[in-house]
Amino acid sequence: MALKDTDRKPIDMEALRELPDEELHTELARLREAGFRLRFRAATEDISADNPMRVRTMRRNIARIETVLRERTQG
């Protein structure tokens with residue numbers, strides 16, 4: 001199951017719990033990179049034409065993935 005638009009829309013926790021660890025780690029790395037690029041773009045140019053809530057959504061999706069991974073390691 002591929003995650004679509006995770007940098008723009010909130011991820012469903014149930015969908016995350018169904019994914020294997022490898023896919024979660026891959027998506028986490030992709031979101032962190034996209035978040036870095038978006039923050040860099042926000043610092044250097046005006047991104048108000050883009051969705052201003054995108055940074056917040058991305059940050060929360062990263063936290064959701066980290067939560068699922070932490071749940072799995074703690075048992």
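Mentor: The account below begins with the chain as a whole and then turns to the packed helices and the salt bridges.

This is a predicted model, in which local features need pLDDT of at least 70 and side-chain atom pairs count only at pLDDT 80 or more, while totals for chains, interfaces and linings use all residues. Residues are numbered from 1 along each chain as its sequence is written, and side-chain values use heavy atoms, with hydrogens and water left out.

The chain has three helices and zero strands; helices (H or I, at least four residues) and strands (E, at least two) are DSSP runs, numbered from the N terminus. In sequence order the pattern is α-α-α. The C-alpha trace spans about 45 × 15 × 15 Å along its principal axes. Of the 75 residues, 32% count as buried, where buried means under 20% relative accessible area, exposed over 50%, and partly exposed in between (1.4 Å probe, protein chains only). Among contacts (heavy atoms within 4.5 Å) with a separation of 6 or more, 71% join residues 24 or more positions apart.

Two packed helices are described by the angle between their axes and the distance between the axes. Helix α2 (residues 21–44) packs against α3 at an angle of about 155 degrees, and their axes are 10 Å apart. Axes are lines fitted to C-alpha atoms, for helices over the stretch in contact, and angles run from 0 to 180 degrees between N-to-C directions. The angle of about 155 degrees therefore makes α2 roughly antiparallel to α3; angles under 35 degrees count as roughly parallel, over 145 as roughly antiparallel, 65 to 115 as roughly perpendicular and the rest as oblique. The crossing of α2 and α3 is left-handed, meaning that the near helix is turned anticlockwise from the far one by less than a right angle, whereas clockwise would be right-handed.

The α2 side of this contact includes Leu 24, Leu 28, Leu 31 and Leu 38, and the α3 side includes Val 55, Met 58, Ile 62 and Ile 65. By class, the contact residues are eleven nonpolar, three polar and six charged. Here Ala, Val, Leu, Ile, Met, Phe, Trp, Tyr, Cys and Pro count as nonpolar, Asp, Glu, Lys and Arg as charged, and the others, Gly among them, as polar.

Arg 54 belongs to helix α3 (residues 54–74) and is buried, at 12% relative accessible area. Beyond its neighbours within four places in sequence, Arg 54 touches Asp 7, Arg 8 and Leu 38.

Side chains of opposite charge can pair when their charged atoms come close. The structure holds seven salt bridges, each a side-chain nitrogen of Lys or Arg within 4 Å of a carboxyl oxygen of Asp or Glu. In one of them, Arg 72 pairs with Asp 21, with the closest N and O atoms 2.5 Å apart. Because Arg 72 lies in helix α3 and Asp 21 in helix α2, this pair ties together parts that are 51 residues apart in sequence. Arg 72 is partly exposed at 32%, and Asp 21 is partly exposed at 33%.

Another salt bridge joins Glu 71 to Arg 17 (3.1 Å, N to O). This pair links Glu 71 in helix α3 with Arg 17 in helix α1 (residues 13–18), 54 residues apart. Glu 71 is partly exposed at 35% relative accessibility, as is Arg 17 at 37%. Glu 14, Arg 17 and Glu 71 are linked in a network of salt bridges.
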